[in-house]
Amino acid sequence: MTERAEPAPGTVPGEIETPERGLWNDVWYQFRHHRGAMLGTIVFTLIVLAVILGPVLHPVDPTHIDVKARNALPSLAHPMGTDNLGRDTFAGIIEGGRISLAVGVTAMALALFLGTLVGVLAGYYRRLDGMLMRVTDLFLALPILPLLLVVILLFRDALRAAFGPETGIFLLIVFIIGVTSWMQTARIVRGDVLALKEREFVLAARSVGTPDRRIILRHILPNVLSPIMVSATLGIANAIITESALSFLGLGFPSDFPTWGRLLFDGANFMALSPSRVIWPGLAISLTVLSVNFIGDGLRDALDPRARGR
Amino acid sequence: MLAYAVRRLLFAIPTLLVISFIIFLILDLAPSDPTANLPLTIPQDVRQQIRLSLGLGEPMHVRYLKWLYQFAVNEPMHALEQLTGHHFSATPRVRVLSWQTRSPVVDLILQRLPQTLWVVGLSYVVGILIAIPIGIVSAVRQYSWFDQIGTFVSMVGYSVPTFFTGLLMIMLFSVHLGWLPSIYDTNLRVTDVASFWAQVKQMIMPVMVLALFNAAQISRYMRASMLENLTQDYVRTARAKGMREWVVVMVHVLRNSLIPVVTVIALGVPQIFGGAIITEQIFRVNGLGQLLITGIQGADIPLVQTLTFLFAALIVLFNLIADLLYGMLDPRIRYD
Amino acid sequence: MRLRHILTGASAAALMASAAHAERGADGQVNVLYYQAISIMTPYLSSGTKDIDGAALVLEPFARFDPDGHLVPYIAQEIPTLENGGISEDLKSITWKIKPDILWSDGTPVTAADAIFSWKYCTDPEGGCAQAPYYDDVTDVEAIDDKTVKVTFSVPKPYPYTAFVGAQSPIIQAKQFADCLGANAPSCTEANTMPIGTGPFRVTDFKANDVVTLEANPNYRDPAKPAFATLVLKGGGDAASAARAVLETGEFDYAWNAQVEPEILAQMAAAGKGEIISAFGTLLERLHVNQTDPAPALGEERSTVKHPHPFLTDPDVTKALSLAIDREILVETGYGEAGRPTCNLVPAPEYQNSPNNDWCLKQDLDQANKLLDDAGWAMGADGVRAKDGQRLSILYQTSVNSVRQAAQALIKQWWNEIGVEVELRQIDPAVFFGGDPGSPDTLQKFYADVEMYADNFEGTDAERYLGQWVCGEIPSPETAWQGGNTSRFCDPAYDAARAEMSTTTGDEDRAKMTIRLNDMIVNSAAIIPLIHRGRVSTKSKTLGGVEMNAFDSELWNVADWYRIK
């Protein structure tokens with residue numbers, strides 16, 4: 001593992017042309033032997049299992065208020081204590097995890113998809129570059145808060161009518177976060193693609209008449225994977241925090257839906273009074289982001305043609 | 001390259017015009033209202049009177065053109081008149097006035113610039129200075145202890161929001177230890193050693209909070225990009241030629257790894273001028289970020305429009321600079 | 001650091017001066033923190049509380065209200081009354097006499113012309129004056145002589161203390177604002193940010209939305225006051241950290257509006273550096289109950305009087321909802337010293353507070369359930385009551401605010417317990433209170449069943465406040481959703497009684513009238529009063545002379561503040 005910096009012998013970029021079956025077997029093999037990646041996968045799976053199975057183990061309604069047990073310290077009944085209304089923090093973490101993870105992963109995926117698409121197209125096709133990058137500039141410059149108010153004004157009631165209150169808000173939040181956070185990925189991917197498309201192996205592929213689509217998928221994309229993986233990791237953290245920021249504008253889930261970001265924000269002022277209110281949500285977010293980071297690392301290593309096959 | 005830069009700059013003008021119009025459209029469509037902050041005891045007809053006195057009775061395109069004229073003609077002319085002391089016309093020029101404070105927006109921005117540059121700007125510089133070495137070492141010694149700790153700190157630093165880290169620092173350094181002030185004094189003038197020391201003390205916490213956040217992000221991109229390049233053929237060639245490892249890493253690999261980092265930094269510099277809304281709020285730095293957020297909350301359209309537009313201009317400018325830097329870092333990138 | 005220097009400097013200076021309080025500027029600097037920063041120094045162009053308070057340091061009216069709601073003369077020699085002849089017999093004019101020796105901070109005397117100018121300034125139709133209601137029905141302001149001002153009304157005014165009374169309508173200097181009338185008002189940046197006043201301080205430096213620096217007014221009428229030489233009014237941040245700067249770190253002497261969860265405030269106060277102060281005015285946190293149907297299916301006609309609400313027009317349903325609420329718990333979790341349970345719409349002052357409505361003070365879920373049972377609302381299998389296919393399901397909206405969200409969560413649970421289904425919604429305050437007719441989320445449009453916010457009236461007279469509940473004040477598409485009657489309450493008997501009040505004179509009779517009108521509203525289906533809210537701020541234990549005031553600016557007596565040694 002640690003001698004990863006050593007270049008693997010006998011690898012040429014063309015090796016990515018190995019048959020499909022072998023490629024994915026290789027990737028899986030490589031991934032399985034990546035200690036960080038496996039650890040990340042295990043932790044992430046545990047978090048996902050906990051938020052799915054949690055209500056079975058700890059059957060407490062996270063919105064149930066018990067005014068007699070306000071600001072309680074951790075105990076058997078409340079393993080992570082309670083908040084200032086007497087709501088169970090552990091139940092909140094479990095329930096909040098569902099929303100935070102769902103929003104984090106979906107919004108990140110949307111932003112990543114948009115960013116990569118725009119970045120690759122702009123970097124690869126010069127005719128599209130100017131137009132796409134000006135659109136990126138525009139999105140970077142838009143005043144986010146007033147924009148959100150406009151989006152809410154235009155779409156909330158329509159989505160609520162079409163999908164019901166919860167799914168409607170979920171879609172709206174994922175859309176808002178995705179559409180307002182793809183620009184950095186796009187700029188980074190474009191920068192890399194600009195350099196990559198002048199590299200020898202791309203020129204070689206083009207000179208033998210490889211179609212553009214194949215060049216992009218086979219030669220360009222695998223080589224911009226590392227910044228994309230970083231964007232993915234940072235994107236999840238961003239999405240989870242942004243989701244909570246939205247609910248302070250009245251744009252997110254109603255206040256009785258706990259989410260990790262919201263628990264952390266609400267708990268911040270109670271930091272000295274009941275520290276467990278901030279430690280657990282903070283830990284949950286950090287662990288999720290860390291585990292995704294390690295999974296991303298492993299995936300990138302595994303997909304890297306030069307590191308594979310050792 | 002020069003021709004390209006000039007062409008891009010010329011093209012930036014229509015781009016910015018379009019952007020400014022879209023921004024105005026969004027601000028106009030947004031349902032917030034400049035009289036929303038007034039107590040409910042103010043009756044509706046008075047509110048309507050206030051709205052009319054702010055010019056809200058006119059159609060949207062008239063208001064946009066007015067703003068554009070005030071911003072693009074009157075403000076530069078005013079600045080010129082101030083500089084030269086010569087008045088080009090007898091009638092006073094109507095400057096872009098904020099609705100909330102009724103004072104010229106440009107003056108407000110100039111008033112806020114020093115603390116924003118000091119705190120947000122410095123934190124960015126500190127962040128970059130921390131991030132690049134960490135990124136390099138983490139990549140060269142991948143999966144070493146240094147790398148693992150760096151990864152941990154930067155991921156936690158990025159995933160824990162600044163409202164939390166800021167508050168934690170205040171609780172620790174201001175409340176319990178009493179070492180640092182929790183409130184930034186914008187009236188402080190650095191004139192001697194004591195006031196300089198006071199300035200340093202009040203800057204430490206906000207700068208560190210922001211620097212941690214920035215460093216986390218940049219170091220991750222730096223590390224990833226270095227890793228990508230360390231396995232390239234040219235590195236092997238360079239090593240095979242007998243170059244020292246240090247030269248290989250610092251000259252060849254670093255230069256080729258900087259493209260994504262340059263992109264991130266170029267995207268971040270305009271953010272400095274956007275201020276750091278949460279950090280400024282927590283430590284009461286009252287810079288451009290706080291100006292923007294109070295403007296948005298008060299539906300102060302001239303203020304928000306002007307700030308956002310300046311921000312847009314910086315984004316366009318720095319993205320151009322990034323594109324030019326790509327060409328310098330990798331001569332194979334051509335734009336013509 | 002800097003603060004410590006100033007404090008030590010100040011106490012050193014105090015040691016030298018034997019009679020510390022008898023000398024202007026002897027106590028050094030006082031630091032005041034407003035987490036909403038000051039935007040402008042005149043209440044005429046912004047009526048945000050923060051701006052009114054900032055201006056109150058510099059600008060003064062003829063008279064202010066004291067913490068009990070009584071008038072105290074400031075620029076005026078005395079309070080005009082019917083008895084002393086200051087108010088005419090027909091109640092159509094009031095005559096104020098200016099104190100003879102009073103000077104502006106630039107050294108020139110205050111004259112009747114300044115008052116006349118202030119009236120003209122605020123009533124100019126192009127000026128967009130935020131305090132125009134203070135000059136309602138004023139037909140003329142004239143100078144009897146240099147120091148006597150007569151205000152004439154078009155109708156008899158049983159309560160004439162509106163113009164030039166209270167923090168909202170101070171006297172501004174005619175000379176300074178001469179070129180700032182009407183459309184020119186906003187562009188007078190210098191006058192708007194550094195006004196010349198008669199108050200204890202004058203502005204030396206103004207950084208909009210950030211910090212205002214003031215110094216003692218050298219021409220202030222009391223040569224021994226103010227005790228502080230300079231005052232710094234810093235802005236920014238949030239309520240909790242503002243309280244922390246006074247109570248825990250001691251960096252500031254006074255912090256405005258500590259609306260923070262009571263347990264946090266108590267914990268901060270335990271540090272021993274400061275204390276929490278509060279005062280009660282007329283602010284009431286309430287639930288407005290929509291008397292019209294907000295169903296989206298009604299399209300343009302939703303929340304208009306054409307469609308009465310399917311179940312909330314029944315006073316018994318509203319009464320049940322009210323009885324299900326434990327107001328003590330709301331106070332305990334959200335307001336602490338800044339809240340008291342109440343069942344009245346007019347909660348203060350004491351003499352016009354109705355004694356007839358105490359039934360809601362104690363939570364009674366059994367009684368609430370019984371009311372609903374009796375009204376025919378049968379509990380369904382899913383725990384939600386229904387009658388004739390109509391479920392008791394409520395959309396409950398309010399602005400984004402952590403205390404309000406806690407109250408929403410609590411009330412939702414209590415209502416669930418009596419078989420009422422609740423969906424919560426939070427709206428950005430800039431939208432909710434914005435009144436933009438294009439937005440569906442304003443409090444006037446009320447596209448929900450129940451909404452929560454706080455409202456009050458300035459001063460002590462409730463006539464205009466109660467006027468919001470007449471049928472003609474109902475917001476509707478025809479009025480571009482303007483109007484103060486958000487509940488859409490309409491009762492001809494109420495309208496008649498309200499008209500009677502505008503001809504009622506005498507404090508006692510007016511108080512009786514107020515109570516009668518109050519009882520008509522709170523016993524209808526249209527409102528659930530929740531909490532009588534006070535102002536709550538924090539002050540350092542070294543700051544003396546502070547008297548918290550809820551009827552005027554809370555900085556009303558800043559001239560009397562001093563440093564406790």
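## Close-ups of a predicted three-chain model

**View 1. Chain A and the spans that UniProt marks in it.** For chain A, an unreviewed UniProt entry gives the feature "transmembrane region" at residues 37-57, 99-125, 137-155, 167-189, 220-241 and 278-296. Keep in mind that this is a predicted model. Take residues 99-125 of chain A: the span is 96% helix and 0% strand, with its end C-alpha atoms 38 Å apart. Residues 220-241 of chain A come out at 82% helix and 0% strand, and here the end C-alpha atoms lie 32 Å apart.

**View 2. Chain B, helix after helix.** How many helices and strands does chain B have? The tally is twelve helices and zero strands. Written along the sequence, the pattern of chain B is simply α-α-α-α-α-α-α-α-α-α-α-α. Along the principal axes, the C-alpha atoms of chain B fill a box of roughly 80 × 60 × 40 Å.

**View 3. The UniProt spans of chain B.** The unreviewed UniProt entry for chain B lists "transmembrane region" at residues 9-30, 117-140, 152-176, 196-216, 258-283 and 303-326. Residues 9-30 of chain B are 95% helix and 0% strand, and their end C-alpha atoms sit 31 Å apart. For residues 196-216 of chain B, the figures are 100% helix and 0% strand, with 29 Å between the end C-alpha atoms.

**View 4. Where chain A meets chain B.** On the chain A side, 62 residues take part in the contact, and chain B brings 64 residues. Together the two chains bury about 5,900 Å², and carbon and sulfur atoms give 66% of that area. The contact between chain A and chain B also has three salt bridges. One of them joins A:D297 to B:R223, where the closest N and O atoms are 3.3 Å apart. Twelve residue pairs, both members at pLDDT 80 or more, are in polar contact between chain A and chain B.

**View 5. The chain A face of that contact, element by element.** Again for the contact with chain B, there are twelve residue pairs in polar contact (both at pLDDT 80 or more). On chain A, the elements that give two or more residues to the side touching chain B are α4 (126-141), α5 (144-180), α6 (183-196), α9 (225-248), α10 (260-268) and α11 (276-303). Which element of chain A gives the largest share of this side? That would be α11(A), with ten residues. Sorted by class, the side of chain A that touches chain B holds 34 nonpolar, 13 polar and 15 charged residues.

**View 6. Where chain C meets chain B.** Here 64 residues of chain C touch 52 residues of chain B. The two chains bury about 4,400 Å² between them, with 52% of it on carbon and sulfur atoms. The elements of chain C that give two or more residues to the side touching chain B are α5 (189-193), β7 (201-207), β8 (211-216), β9 (230-235), α6 (239-247), α12 (429-432) and β18 (450-455). Of these, α6(C) gives the most to that side, with four residues. By class, the side of chain C that touches chain B splits into 26 nonpolar, 24 polar and 14 charged residues.

View 7. UniProt, in an unreviewed entry, lists "domain: Solute-binding protein family" for residues 86-465 of chain C. Those residues of chain C are 23% helix and 23% strand, and the end C-alpha atoms of the span lie 26 Å apart. Now zoom in on strands β5 (residues 138-145) and β6 (residues 148-153) of chain C, which pair in the antiparallel sense over six bridges. β5(C) and β6(C) make a hairpin, with two residues between them. Within this pairing, C:V141 has C:V151 in β6(C) as its bridge partner.

**View 8. A three-stranded open sheet in chain C.** The order of the strands is β13-β14-β15 (chain C), and the pairing is antiparallel. At the edges sit β13 (378-379) and β15 (390-391) of chain C, each pairing on one side only. Strand β14 (residues 385-387) of chain C runs antiparallel to β15(C), and two bridges join them. For C:K387, the bridge partner in β15(C) is C:Q390.

Terms used
Residues are numbered from 1 along each chain as its sequence is written. Chains are lettered from A and ligands numbered from 1 in the order in which they are written. This is a predicted model: local features need pLDDT of at least 70, side-chain atom pairs count only at pLDDT 80 or more; totals for chains, interfaces and linings use all residues. Side-chain values use heavy atoms; hydrogens and water are left out. Contact means heavy atoms within 4.5 Å. Buried area is the accessible area (1.4 Å probe) that two parts lose on being put together, summed over both. A salt bridge is a side-chain nitrogen of Lys or Arg within 4 Å of a carboxyl oxygen of Asp or Glu. A polar contact is a pair of N or O atoms within 3.5 Å; within protein, one must be able to donate a hydrogen and the other to accept it, and residues adjacent in sequence count only if both atoms are side-chain atoms. Ala, Val, Leu, Ile, Met, Phe, Trp, Tyr, Cys and Pro count as nonpolar, Asp, Glu, Lys and Arg as charged, and the others, Gly among them, as polar. UniProt positions are given in the numbering used here, feature names are shortened, and annotations may be inferred rather than shown by experiment. Two strands pair if DSSP finds at least two bridges between them.
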